[in-house]
Amino acid sequence: MLSHERYVETFVELIRRASTDLPPDVEEALRRGREGETAGGLAEKALLTVLDNVELARTSSAPICQDTGTPVVWVHHPVGASTRALERAFTEAVHRATAKQYLRPNAVDTITGKNTGHGAGRGIPYLHFEEWDRPELEVRIILKGGGSENCGAQYRLPEARLKAGRDLEGVRRVVLDAVVQAQGHGCAPGVLGVCIGGDRVSAYAESKRQLLRALPDSNPDPMLDELEQRLLREGNQLGIGPMGFGGQTTLLGVKVGVLDRLPACYFVTVSYMCWADRRSSVRIGEGGELTWLS
Amino acid sequence: MAELKLPLSEETARGLKVGDFLELTGPMITGRDAAHKWLVEAQQDEVAPFLEGTVIYHCGPVVRKNPDGSYDFVAAGPTTSSREEPYQADVIKRYKLRGAIGKGGMGPKTLQGLADSGAVYLHAIGGAAQVLARCVKRVERVFMLEEFGVPEAMWVIHVERFPVVVTMDSHGGSLHREVLQASESKLKGLIGL
């Protein structure tokens with residue numbers, strides 16, 4: 001559909017958009033959060049700085065946050081597309097985006113401690129491929145920072161400490177606990193991607209995939225939709241607030257997905273995304289035409 | 001908001017209280033995970049003079065190298081400080097730091113270290129990489145760039161009007177402890193524990 005060079009250029013632009021500009025729904029949620037905080041208080045000041053920062057990043061086309069995170073990538077491709085070629089192109093785009101300072105060199109050899117210097121490394125970036133029936137290609141990314149990644153948690157139900165059994169009430173209990181554990185460490189106010197069920201690997205992947213959803217959307221499953229709204233409401237009653245300074249705005253959104261499970265396993269997996277909820281998407285048509293999606 | 005010149009004296013540091021808004025002007029140094037481990041493993045004489053009397057900034061910046069060999073900070077917000085909890089009190093004491101800047105707060109060992117050494121924990125706004133990079137006026141020099149890489153190197157910088165709030169002080173005060181306790185108690189209420 002595109003030449004290697006055009007793929008690389010397109011992916012660099014995809015990364016630039018994610019790193020330097022927030023999706024409008026996230027910015028709107030931050031603005032609403034600020035309106036809900038006490039004027040002149042620490043929480044309001046934090047959100048005002050955050051909003052100023054978003055504006056500065058957009059106008060100067062520079063990273064919103066210095067931790068430009070790990071690019072996590074989901075590719076939907078038509079039958080016959082080479083996933084290896086796409087992975088090569090995306091990896092090259094990470095090198096270039098790092099050289100242009102849209103990304104920080106964020107890949108470190110775990111054993112030697114040496115930074116690769118170009119942003120890519122073993123397992124970085126991470127691409128998920130899915131074939132579909134449509135003729136176009138769709139690439140969606142999130143940039144997930146390390147501070148928020150450290151706040152992720154996987155619970156195994158039943159969980160005695162929280163009196164959490166294998167039902168949605170148990171899910172509610174552990175998710176709220178994850179928010180308390182995170183405090184301000186993951187750059188609150190955050191967005192939660194949650195997966196109920198799955199195995200230890202598939203569950204984390206699904207919890208991250210949930211972060212692709214726009215904040216105001218509704219879960220098609222009415223029961224999960226109700227759970228999402230309740231967790232958002234109760235999460236914001238915990239009083240942790242922006243940066244963990246105390247306040248009304250602890251979460252910007254909660255998104256819940258479900259995978260089936262083994263009889264013996266009941267995992268609840270939470271991925272915590274910081275307020276800099278960076279995502280961007282592009283659709284590449286059969287003829288190579290680009291449609292940018294936020 | 002009070003302007004505070006760096007370096008600062010022990011007396012000045014002890015005069016700061018949780019909730020104080022400050023704008024810092026002067027020299028400081030960045031240091032995060034690799035740096036803290038390195039600083040406690042041995043006395044690092046070369047870097048020691050750049051730590052004494054100032055604050056260490058938990059920050060892994062995005063940096064541009066200019067054609068003349070100089071550097072500029074492109075993005076420079078704080079990183080999560082809790083990872084330095086095992087080291088921070090010792091680093092402050094050994095290198096005579098007057099504080100640390102980061103985000104998310106730190107734990108009881110650091111809080112005790114602040115009281116013992118006369119230092120403060122200053123919170124910058126996490127993710128505000130553009131606002132804060134604009135306060136970094138010069139990059140003076142860098143230590144351990146080759147060994148640690150760009151995010152983990154120790155960058156000696158000069159800042160002007162760098163905004164922070166004191167969230168842990170030398171009198172045992174910690175906003176983070178207060179918020180943690182209040183939120184734990186709220187959680188217990190919500191889930192009936």
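**Figure 1. Charges and overall form of chain B.** In chain B, the mean positions of the 22 positive and 24 negative charges are 3 Å apart. Here Lys and Arg count as positive and Asp and Glu as negative, while His and the chain ends are not counted; the place of a charge is taken as NZ of Lys, CZ of Arg, CG of Asp or CD of Glu. The structure is a predicted model, in which local features need pLDDT of at least 70 and side-chain atom pairs count only at pLDDT 80 or more, whereas totals for chains, interfaces and linings use all residues; side-chain values use heavy atoms, without hydrogens and water, residues are numbered from 1 along each chain as its sequence is written, and chains are lettered from A and ligands numbered from 1 in the order in which they are written. Chain B has seven helices and nine strands; helices (H or I, at least four residues) and strands (E, at least two) are DSSP runs, numbered from the N terminus. The radius of gyration of chain B is 17 Å, close to the 16 Å that the globule rule gives for 193 residues, so chain B is as compact as a globular protein of that length. This radius is taken over C-alpha atoms, and the globule rule is 2.2 Å times the number of residues to the power 0.38. Along the principal axes, the C-alpha atoms of chain B fill a box of roughly 60 × 35 × 30 Å.

Figure 2. Strand β2 of chain B, residues 21-30, is mostly covered, with eight of its 10 residues buried. Buried means under 20% relative accessible area, exposed over 50%, and partly exposed in between (1.4 Å probe, protein chains only). Two strands pair if DSSP finds at least two bridges between them. Strand β1 (residues 2-5) of chain B runs parallel to β2(B) and is joined to it by four bridges; B:Leu4 stands opposite B:Leu24 in β2(B). With strand β9 (residues 154-168) of chain B, β2(B) pairs in the antiparallel sense over eight bridges, and B:Phe21 has B:Val165 in β9(B) as its bridge partner. A parallel pairing over two bridges links β2(B) to strand β3 (residues 55-57) of chain B, where B:Tyr57 is the bridge partner of B:Thr30. In a regular strand the side chains alternate between the two faces of the sheet.

**Figure 3. Chain A as a whole.** Chain A has eight helices and nine strands. Its radius of gyration is 19 Å, close to the 19 Å that the globule rule gives for 294 residues, so chain A is as compact as a globular protein of that length. The C-alpha trace of chain A spans about 55 × 50 × 40 Å along its principal axes. Of the 294 residues of chain A, 57% count as buried. Chain A has 35 positive and 38 negative side chains, and the centres of the two sets lie 4 Å apart.

Figure 4. A:Tyr102 is found in the loop between α4 (83-99) and β2 (126-131) of chain A. This residue counts as buried because its relative accessibility is 16%. Leaving aside neighbours within four places in sequence, A:Tyr102 is in contact (heavy atoms within 4.5 Å) with A:Val12, A:Arg16, A:Ser19, A:Ser61, A:Pro63, A:Thr68 and A:Ala97. A:Ile64 is 38 residues from A:Tyr102 along the chain, and their C-alpha atoms are separated by 9.4 Å.

**Figure 5. Two cis peptide bonds in loops of chain A.** Most residues other than glycine have a negative phi, and most peptide bonds are trans. The peptide bond from A:Ile124 to A:Pro125, however, is cis, with omega near -5 degrees. A:Pro125 is placed in the loop between α4 and β2 of chain A. A cis peptide bond also joins A:Ala188 and A:Pro189, with omega about 5 degrees; A:Pro189 is in the loop between α6 (168-182) and β5 (190-196) of chain A.

**Figure 6. Two residues of chain A with positive phi.** A:Gln183, a residue other than glycine, has a positive phi near 45 degrees and lies in the loop between α6 and β5 of chain A. At 8% relative accessibility, A:Gln183 counts as buried. The phi of A:Met243, also a residue other than glycine, is positive and near 65 degrees. A:Met243 lies in the loop between α8 (222-235) and β6 (251-258) of chain A, and its relative accessibility of 1% means that A:Met243 counts as buried.
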